[in-house]
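Dear colleague,

I am handing over the structure below, and the notes after it set out what was found. Please read them with the model open beside you.

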Amino acid sequence: MTEETKELTYQTPLFSRILFSAFFDLFLLFLLGSALLFGAHNVLKTTSSFQDTIALREETQTASKLYLPNEGRVITLSEYLDGQDITKKEKGDAYEETLDFFYEVFLPEHSIQDGAAAYQEDKVAYFVQDLPLFDENGHRLYTNPDYDEAYLTFFEDHYQTKALGYLERIPTYASSTRFLLLMELSAAAIAFSLAHAIVYLAIPLSFSRGKKTLGMKLAHLSSVGKNGFSISWQRQFVLWLFQFVFLFWGSLLAFLLSLGITLTMQITRKDRQGVDQYVVGVYPVDDQERRIFKNGIELAAYECKKD
């Protein structure tokens, strides 16, 4: 504290309480952000652009036969077959029929010619205990029921690891997928950004003294300036802006590097300042033993009242 306000001395908060406060606020951010995202997603699903893109994507999925309509939605062939009470041979036959259509008819219709050749190469290269299961033309070599599981394994694996990937090469399908992903990510960014503003800006501003988050309130922590008085709403806004850009988005985009930096500072510094507080000039203090004052006038009035 400066010499002119040296009478305002506060106990330095324990790092364990700062850590508790941080984790509580992060948990609150996650809960609030998830709730807002749920609402944003429901709103998103009602927009015409989202519905039209979903319809276009599902039309391509069902046309490929890799997906099937089921009870008002489109599901993967594997999910559909897993829900059927059929034998392994019947399941393998269903996969083979679908994959033959997909590579020989559907992909060529969309100007993708290399899929069928790659499919046949995978068949020829497939061995079980050094025993080939397909001839050089990709036809099954065995009809014995003992090999039903081996054939089913091949078709299931190829469906999951190769066929669905080829579907992504169709331009209209790929663009639809990217557009839907962009909309979902945008909704998530907006929801969690709003949640961050509520947790780290709106709630602290509701406390006229100490500008504290709910986590800080539970841990009996407050924020003061260098003069020992409660920080102004302008400084709280600047603090939040730095937290939002550097800590929130910086941690997401830089693999928690920003969060690691501020935690290291809070551990090593005697005043327990994080990087955001250090830059903005804010100090975390323990407010259990001493109340927080807005300014010198309020402090003087309090001292006079005591006397």
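Does L256 count as buried or exposed? At 53% relative accessibility, L256 counts as exposed, where buried means under 20% relative accessible area, exposed means over 50% and partly exposed lies in between, with a 1.4 Å probe and protein chains only.

Before the rest, a word on the source: this is a predicted model, in which local features need pLDDT of at least 70 and side-chain atom pairs count only at pLDDT 80 or more, while totals for chains, interfaces and linings use all residues. Residues are numbered from 1 along each chain as its sequence is written, and side-chain values use heavy atoms, with hydrogens and water left out.

Backbone and loops

L256 lies in the loop between α9 and α10, the helices (H or I, at least four residues) and strands (E, at least two) being DSSP runs numbered from the N terminus. L256 has a positive phi of about 65°, although it is not a glycine. K65 also is not a glycine and has a positive phi, of about 70°; K65 is found in the loop between α2 (48-64) and β1 (67-70), and is partly exposed, with a relative accessible area of 40%.

Helix α7

Helix α7 covers residues 171-205, and at 1.5 Å a residue its 35 residues should span 51 Å, which agrees with the 49 Å between its end C-alpha atoms; the expected span is 1.5 Å times one less than the number of residues. At I198, α7 bends by about 35°, the bend being the angle between axes fitted to the seven residues ending there and the seven starting there.

The largest pocket

The largest pocket has a volume of about 690 Å³, a volume being the space filled by probe spheres set on the grid points, which are joined across faces, edges and corners. On a 1 Å grid over the protein atoms alone, a pocket is an open set of points where a 1.4 Å probe fits, with protein on both sides within 12 Å along at least five of seven lines, and lining residues have an atom within 4 Å of a point. The lining of the largest pocket has 31 residues, of which A22, Y200, Q243, L247 and L259 lie nearest its centre. Two or more lining residues come from each of α1 (15-45), α7, β5 (221-224), α9 (233-253), α10 (257-268) and α11 (275-280), and the largest share, 8 residues, comes from α1. By residue type, the lining divides into 17 nonpolar, 10 polar and 4 charged; here Ala, Val, Leu, Ile, Met, Phe, Trp, Tyr, Cys and Pro count as nonpolar, Asp, Glu, Lys and Arg as charged, and the others, Gly among them, as polar.

Aromatic pairs

The structure holds 19 aromatic pairs, counted where rings of Phe, Tyr and Trp (its six-membered ring) have centres within 6.5 Å, with planes under 30 degrees apart called stacked, over 60 edge-to-face and the rest tilted. The rings of F154 and F155 have their centres 5.3 Å apart and their planes at 70°, so the pair is edge-to-face. F154 is buried, with a relative accessible area of 6%, and F155 counts as buried at 0% relative accessibility. One aromatic cluster is formed by F102, Y103, F106, Y119 and Y166.

Distances across the chain

D287, in the loop between β6 (283-286) and α12 (296-306), is buried at a relative accessible area of 15%; D287 and S223 are 64 residues apart in sequence and 9.3 Å apart in space, C-alpha to C-alpha. D276 lies in helix α11 and counts as buried at 5% relative accessibility, and between D276 and F24, 252 residues apart in sequence, the C-alpha to C-alpha distance is 18 Å. E96, in helix α4 (residues 88-109), counts as buried at 16% relative accessibility, and E96 and I203, which are 107 residues apart in sequence, are 59 Å apart in space, C-alpha to C-alpha. T46, in the loop between α1 and α2, is exposed, with a relative accessible area of 57%, and 42 Å separates the C-alpha atoms of T46 and V275, which are 229 residues apart along the chain.

With best wishes
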